[in-house]
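Here are a few exercises to work through with the coordinates open. Try each task before you read its solution.

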Number of protein chains: 2
Amino acid sequence: MTISTIAIDAMGGDHGPSVVVPAALSILRERDDLHLILVGDEVTLRQQLTSSNGKENDKLSIRHASQKVEMDEAPASALRGKKDSSMRVAINLVKEGQAQACVSAGNTGALMATARFVLKTIPGIDRPAISAMLPTMKTQKVRMLDLGANVDSTVEHLFQFAVMGSVLTSAVDNIPNPKIGLLNIGTEDIKGNEQVKKAAQLLAELPAINYVGYVEGDDIFRGAVDVVVCDGFVGNVALKVTEGAIKLVGHYMKEAFNRNWLTKLSALSAMHVLKRLGKRADPARYNGASLVGLQGIVIKSHGSANILAYANAINEAALEIKKNIPQRIRDRVAEILQQRPV
Amino acid sequence: MTISTIAIDAMGGDHGPSVVVPAALSILRERDDLHLILVGDEVTLRQQLTSSNGKENDKLSIRHASQKVEMDEAPASALRGKKDSSMRVAINLVKEGQAQACVSAGNTGALMATARFVLKTIPGIDRPAISAMLPTMKTQKVRMLDLGANVDSTVEHLFQFAVMGSVLTSAVDNIPNPKIGLLNIGTEDIKGNEQVKKAAQLLAELPAINYVGYVEGDDIFRGAVDVVVCDGFVGNVALKVTEGAIKLVGHYMKEAFNRNWLTKLSALSAMHVLKRLGKRADPARYNGASLVGLQGIVIKSHGSANILAYANAINEAALEIKKNIPQRIRDRVAEILQQRPV
């Protein structure tokens, strides 16, 4: 069996080691094909490991890093001033080939800037993008990018996101010719901003991309396309609105079922259904966003991820290692860009 | 009793007169302080009126218009080529003072362009914005703008949306000093694009605006602010993602309750709760977006609105007439802009 090594920024995220360490331990109980390197303050990590009933062994090691990137720190400050941060060291391990992927729940901007600086982008890709899966009404989820790495994306960036999304979806999700939609505020040609309109033209001209047209915000969940491409500002808002709206309905549901003894009785009788429903709509199931376009695998966990959610992010990293994602994107991007009309 | 007159673009929307006419009749059964003018093809409207068991009287009149703006028509084409469209004639009635407001479920871009051309914007406001209410976890809803009138909003536009949102919320929703949030992809100062960052600075300097800072996509539904300000591309995506995510949970709920006879039994017992819940999360309840910043009241209904939803849009128009919204925005904008640091 091939063992994959994953470097984990154990200090990152809202909860730091108290979530990351138990998540790592839970993954190692589930699967034996991983070696996890917990990167961060050695003393803190050893303490957390003890209190979580875990210990270092051939599957779990600690790598000391003396600094930590704060959640509200400017990316440039993290990049210049925190060369021994847990985040930076975890990414360095990927660069040096000591790990095949890294996972962080830390400051997104700093993670993006550091990963881009250390690992560099794939030839033909100007900027990495954040990509994650969203739920749909069908069995198949939908991949969306960019989810916040880039604001003010140009035509060229949107085009590159589409290419990366297409390659990622065929490689990770085993969909041979994924349908690509561009997020817009209407489906008619006249709608949208210039960047989106021009990106649509560019994508329509490229036979290697199965571009199917514009999608609107509510189409994301219909499952009509496999990949939704958008600017990072728009995508981040869409992602968080999705989480918020799902929570809102959950809140209404709680209120409706808690109104009086009769409604509480109904809740009891419907409990098994409500639990199943809650599970299906739980954003933790979708945790683990890929930073695509880099020469190396970097997975971003939600900052507020719980143990289950963080474990999902580690599994996502393992999957991308197994599928050899950066190399596949690299090869396919080169092929596609050759076909591109000049 | 003062009678308010509302001009209705009876040909607009996905369903046209078959929804608009019954909605008008249902409103007139509910309240007697309105005079509705149905604008559109006379023959069609008379037929629809008959089949809906209604007739012309002192509260309901028909105004013939020979043309109709198509849902996918370019705004410029509607503006130049459809001078006798039901949409244009309805807006003209407001301009000429024959009606105090108009309602349309037609092509948003054409409605915006025509309304702006015919009615003009309020002094100090460059572009009208689309504003509507979204549900929150609290009793109070949240007002959001722009929802799709303007893409690539500048700092100045975002600033003006905030001013209009503030005035509209204190006037319509009776909130004296509404809390204004700027939609961003993080709450830290370093987050976001240049427009949002600069608009934040501008708003923070203005004592007349109760600017409270950045909000993220999921904060919209927390009810922590009264007004969420954003670019129209972003706002439209957020609005439609909200609708889509609520429908998604509804879909999951249906699937979960339909799984087997046991879950179906639970659904029966929980039916009264589910109905209440469905009502609360129904977007029809939030139909009727204001085109704010114009010298006249224009209400945009969702294109696919049903009778109930369209009736809500008519009620919204009546409310804005009663509250004398355009005049109040005009006065207050002048006041606020005087305070503005140069």
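Two residues are in contact if their C-beta atoms, placed from the backbone, lie within 7 Å. Keep that cut-off handy, and keep in mind that this is a predicted model.

**Exercise 1. Work out how chain A is built overall, and what share of its contacts with a separation of 6 or more comes from residues 24 or more positions apart.**

Step 1: count the elements. Chain A has twelve helices and eleven strands.

Step 2: sort the contacts by separation. Of those in chain A with a separation of 6 or more, 72% come from residues 24 or more positions apart.

Step 3: look at burial. In chain A, 58% of the 342 residues are buried.

**Exercise 2. Find which residues have the most contacts inside the largest nonpolar core.**

Step 1: recall the background. In soluble globular proteins, nonpolar side chains tend to be buried together.

Step 2: pick out the core. The largest one has 247 residues, and Ile6(A), Ile8(A), Cys102(A), Ile6(B), Ile8(B) and Cys102(B) have the most contacts inside it.

Step 3: zoom in on Ile6(A). Leaving aside neighbours within four places in sequence, its contacts include Leu34(A), Leu36(A), Cys102(A), Val103(A) and Ile314(A).

**Exercise 3. Determine how chain B is related to chain A, and which helix of chain B gives the most to the side that touches chain A.**

Step 1: superpose. A rotation of 180 degrees with 0.0 Å of shift along its axis puts chain B on chain A, with an RMSD of 0.1 Å. The two copies are therefore related as by a two-fold rotation axis. The same surface serves both: 100% of the contact residues of chain B recur in chain A.

Step 2: count across the interface. There, 49 residues of chain B are in contact with 49 residues of chain A.

Step 3: assign them to elements. In chain B, α8 (232–257), α9 (261–269) and α10 (271–280) each supply at least two residues to this side. The most comes from α8(B), with 21 residues.

Step 4: sort by class. The side of chain B that touches chain A has 27 nonpolar, twelve polar and ten charged residues.

**Exercise 4. Decide which residues of α2(A) are buried, and what covers them.**

Step 1: list the buried ones. In α2 (residues 42–51) of chain A they are Leu45(A), Gln48(A) and Leu49(A). They cover an arc of only 100 degrees around the axis, so they sit on the same side of α2(A).

Step 2: find the cover. It includes α1 (17–30), β2 (34–40) and β3 (60–64) of chain A.

Definitions and conventions:
Residues are numbered from 1 along each chain as its sequence is written. Chains are lettered from A and ligands numbered from 1 in the order in which they are written. This is a predicted model: local features need pLDDT of at least 70, side-chain atom pairs count only at pLDDT 80 or more; totals for chains, interfaces and linings use all residues. Copies are superposed by least squares on the C-alpha atoms of residues with pLDDT of at least 70 in both. A nonpolar core is a set of buried Ala, Val, Leu, Ile, Met, Phe, Trp, Tyr and Cys residues joined through C-beta atoms within 7 Å. A residue is buried if 20 or more other C-beta atoms lie within 10 Å of its own, exposed if 12 or fewer, and partly exposed in between; C-beta atoms are placed from the backbone. Helices (H or I, at least four residues) and strands (E, at least two) are DSSP runs, numbered from the N terminus. Ala, Val, Leu, Ile, Met, Phe, Trp, Tyr, Cys and Pro count as nonpolar, Asp, Glu, Lys and Arg as charged, and the others, Gly among them, as polar. The arc is that of the directions from the helix axis to the C-beta atoms.
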